[in-house]
Amino acid sequence: MTRVGVNGYGTIGKRVADAVAAQPDMELVGVTKASPDYGVEAAARRGYDLYAAIEDRIDDFAAADVELAGTLGDLLDAVDVIVDCAPSGVGERNASAYEAHDTPAVFQGGEDAAVAESSFNARGRFEAARDADSVRVVSCNTTALSRLLAPLDEAYGVEKARVTLVRRGGDPSETDRGPINDIVPDPATVPSHHGPDVNEILPDIPVDTAALRAPVTGMHTHSVNVTLETEPDENDVRDLLGDEDRIFLVPAAAGIDGAGALKEYAADAGRPRGDLWENCVWAESISVTGRDLYLFQNVHQEADVVPENVDAIRAMTTDVGRAESTARTNETLGIGLDSRLGGDELARTELTADD
Ligand code: NAD
């Protein structure tokens, strides 16, 4: 049983905590909060022990009548691994505390790659995290690109990937990022940081990325062009991607036309918070011209890194292999969406609503 703590209970932290709590081979010891806002209620409703992320704010919790099990230091002493889900850049500042308590740490993609011994994606780079004292689960966009490019490279060889990322302006809860009414090249220089970050996972794939920010909160959208080393058949590419556990081929027949409908589809399927842990590849967008493959995929930024965190914990703390770990994570969370409207038999069991 691996004992896990989550430091930072925001967008990613609350989802990672739930995913860890769902694993039979893991125990969620507790989560930290930096302040006693509405997030403490979510933790309390789930029965998670709460720790103060910042020691000199303990009095704020007492003033709000919020009971604490201790401070971050106490949590670090009680766990086998800590998952840092603090805001971008704060994780790096937390690293010295983890080292002082000799507690292995999983960081998130908002940190520089140098924060950890290894960057992690279960599909592209599982074994590199084996026995590491620190790993970084790459960002939502890098996770999605790694999941897509790894099977394409294995099947056809990738000569060059070119991706335009239309990034959401902020998460739904980040009101302070708006209101906005623009589409902003961000950065205006090419490549954006995403291409080099993909190379932290798949070092041999040439990939250029250009990024924009759009006034939406639901999902990112990627426009992907990959020049392959051998000429692919369109249907074979569809089958290849459809066979990937963490890719959902969105069938044309489902009438799902964008992120809003995708999120509703996930909510109707009983997904907690309407989360989409899979890349959502628009099936009819998969097009081939010679060796050039084109497609669109949508990425739920709040969710796709969550199963990767669970697998990173297993890779660091056990000898469970990639296939076994991802299968366990997929089964416990219910990963693997299949539409009944694609014309094919359902390949996986249906999801049950869980709250
Ligand atoms: P968030 O702001 O939603 O949550 C961060 C939480 O950490 C907040 O509850 C905040 O109060 C708390 N916190 C503040 N200071 C802290 C400290 N010193 N110690 C511990 N906790 C502290 O942020 P998020 O979106 O969950 O992002 C967390 C990490 O995950 C970042 O590295 C981010 O880049 C990465 N990430 C975010 C997304 C996304 O779309 N939201 C996707 C993938 C990866």
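User: In which hand does helix 6 pass helix 7?

Analyst: A crossing is left-handed if the near helix is turned anticlockwise from the far one by less than a right angle, and right-handed if clockwise. In this predicted model, helix 6 passes helix 7 in a right-handed crossing. Helices are DSSP runs (H or I, at least four residues), and strands are E runs of at least two, numbered from the N terminus.

User: At what angle do the axes of helix 6 and helix 7 cross?

Analyst: Axes are lines fitted to C-alpha atoms, for helices over the stretch in contact, with angles from 0 to 180 degrees between N-to-C directions. Helix 6 (residues 140-156) and helix 7 (residues 194-201) have axes that cross at roughly 55° and come within 9 Å. The two helices are therefore oblique to each other (under 35 degrees is roughly parallel, over 145 roughly antiparallel, 65 to 115 roughly perpendicular, the rest oblique).

User: Which residues of helix 6 and helix 7 meet?

Analyst: Contact means heavy atoms within 4.5 Å. Asn141, Thr142, Leu145, Ser146 and Leu149 of helix 6 meet His194, Asp197, Val198 and Ile201 of helix 7.

User: Is Gln23 buried or exposed?

Analyst: Buried means under 20% relative accessible area, exposed over 50%, partly exposed in between (1.4 Å probe, protein chains only). Gln23 has 2%, so this residue is buried. Gln23 lies in the loop between helix 1 (11-21) and strand 2 (26-33). Leaving aside neighbours within four places in sequence, Gln23 is in contact with residues including Val310, Arg314 and Leu333.

User: What limits apply?

Analyst: Local features need pLDDT of at least 70 and side-chain atom pairs 80 or more, while totals for chains, interfaces and linings use all residues. Residues are numbered from 1 along each chain as its sequence is written, and side-chain values use heavy atoms, leaving out hydrogens and water.
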